[in-house]
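Dear colleague,

I am passing on a structure that I have been looking through, and I would be glad if you could read the notes beside it.

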Amino acid sequence: MADRLSARAAIAAVTADFTESTAPREDTAADGPLGWTGYADSRARATARTGEHESVVHGLATVGGHRCVLVSFEFGFLGGSLGQRTGDRLEAAYEEAVAQRLPLVSLIATGGSRMQEGMIALTQLHRVAAASARLRAAGPAQLAVLRDPTTGGGWATLGAGADVILALPGAQVGFAGSRVRPPGADPAAYTAEGQLAAGQLDAIVPPEELAATVGHWLGALTYREAEAGAGATAEAGAGAGAGATAGAAHPAPAPAPVPDALSATGLPRTGWDAVLRARSASRPRAEAYLDAYFEIRLPLHGDRCGGTDPGLLCGFGLREGRPIAYVAQCGTPTRPAGYRTAARVIRLADRLGVPVLTLIDTPGAANDAEAERAGAGAAIADAFAAIAAARVPVTTLVIGEGGSGGALAVAAPGHTHVTADSYFSVIAPELAAAILKRSPDQTHATADQLRLRPQDLVDLGVARSVVGPGSPRTGSNGSSA
């Protein structure tokens with residue numbers, strides 16, 4: 001792929017099962033809508049060189065056992081540029097995905113809009129955006145693979161507009177192509193690696209792993225509940241719409257199972273004991289929980305606004321072949337980019353009818369000046385809104401610190417569980433004592449008054465159960481819950 005494979009070689013790199021869809025009849029004689037002298041000859045030479053009549057090939061494919069509509073760009077045909085006929089093919093591919101209710105996978109390699117067609121070429125971006133919106137409204141997912149290069153309108157529509165964005169190592173990725181950037185622009189910003197660091201794409205995938213990765217993603221994005229479970233309403237999802245139909249295509253799925261606790265500690269005696277356990281460096285963290293819970297994890301990365309939060313893990317995982325979306329805090333203050341990424345993942349899962357698991361472990365939302373400038377309040381509000389509006393069930397397990405609204409923003413109301421080495425509080429006991437103008441030696445007593453222990457949370461109705469290291473789960477009195 002890094003060597004700019006042809007459109008068909010790129011297809012062959014991910015599947016051997018591809019049936020090309022009938023392309024619109026091409027007008028090879030005309031010099032295009034602008035009457036650009038020599039344009040027809042340029043197209044003829046491109047066809048002779050590549051064997052293609054346009055810069056896009058599309059059709060039906062099977063990748064990893066999952067059906068999809070596959071689009072592949074031919075960079076050798078006028079730089080993979082988008083013209084009116086390209087728009088015809090892309091629109092046809094999207095409409096085929098809508099009609100067949102299949103996800104659309106794009107293998108992109110393009111330099112942007114075709115100058116020989118002027119504004120007619122540029123307006124193809126409107127057509128692509130509208131077709132993409134129709135597919136999104138119908139439900140199926142869109143997955144993009146960014147080859148080298150992916151620039152201009154192809155990046156700003158099929159690429160950046162996809163639900164899941166993968167890239168090949170070293171691919172040039174950016175709205176500005178190499179010949180139109182400002183002098184002195186940092187070239188690293190226009191690479192797949194730079195875009196990943198900026199939260200603009202989800203993962204960089206080596207060519208030899210691409211077919212398997214796309215196949216795994218299609219399995220996660222197109223899964224439907226078995227008929228026996230498809231009609232099951234959410235036991236206790238989040239928001240007013242919980243248990244309602246998750247989109248027009250399929251009923252709400254069963255909730256994600258509550259993970260087993262990974263530590264065998266008993267219930268804490270005091271509130272301060274609970275705080276110390278939750279803050280212990282030896283306590284199991286999100287990575288360990290996710291590794292124990294899923295056979296395969298597919299990460300989603302970044303907020304698509306230039307930000308990332310390494311302290312929040314998001315994505316889809318496969319558990320016994322069933323996809324579950326996850327949002328997992330890692331014990332650090334959650335940053336605005338983390339909340340925006342969480343909201344993106346929850347909304348995608350909701351659209352696709354996939355249940356969500358959230359793991360809470362944070363002392364609270366980041367509250368430094370940088371976080372405020374990055375829109376902490378709006379980002380937290382967006383996470384609350386995503387949870388509240390979710391029609392799929394959301395399951396939450398508090399595995400460590402549950403610090404104030406920064407933790408609550410990703411918690412499922414009515415379906416939150418806690419481990420014995422966790423706590424959940426309106427505020428940290430030290431800060432509560434300070435706000436109440438108490439001396440530091442009253443911090444422990446304040447922790448007790450806050451009733452933040454796992455068993456307190458069950459008694460208060462904030463949590464449904466204290467989860468042990470395996471079933472059954474125990475409530476505050478040690479009986480099964």
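This is a predicted model: local features need pLDDT of at least 70, side-chain atom pairs count only at pLDDT 80 or more; totals for chains, interfaces and linings use all residues.

Residues are numbered from 1 along each chain as its sequence is written, and side-chain values use heavy atoms, with hydrogens and water left out.

The largest nonpolar core has 60 residues, and Leu 143, Val 214, Trp 217 and Phe 316 have the most contacts inside it; such a core is a set of buried (under 20% relative accessible area, 1.4 Å probe, protein chains only) Ala, Val, Leu, Ile, Met, Phe, Trp, Tyr and Cys residues joined through side-chain atoms within 4.5 Å. Its largest share, 7 residues, comes from helix α12 (residues 336-352), helices being DSSP runs (H or I) of at least four residues, numbered from the N terminus. A second, separate core of 29 residues includes Val 69, Val 71, Ala 93 and Val 173.

Beyond its neighbours within four places in sequence, Trp 217 is in contact (heavy atoms within 4.5 Å) with residues including Leu 143, Val 164 and Phe 316.

The axes of helix α3 (residues 84-100) and helix α5 (residues 124-138) come within 9 Å and cross at roughly 5°, the axes being lines fitted to C-alpha atoms over the stretch in contact, with angles from 0 to 180 degrees between N-to-C directions. That makes α3 roughly parallel to α5, a term for angles under 35 degrees.

Finally, Glu 287 is found in helix α11 (residues 286-293), and its C-alpha atom is separated by 7.7 Å from that of Cys 330, 43 residues apart along the chain.

Best regards

Conventions. Helices (H or I, at least four residues) and strands (E, at least two) are DSSP runs, numbered from the N terminus. Angles under 35 degrees count as roughly parallel, over 145 as roughly antiparallel, 65 to 115 as roughly perpendicular and the rest as oblique. Buried means under 20% relative accessible area, exposed over 50%, partly exposed in between (1.4 Å probe, protein chains only).
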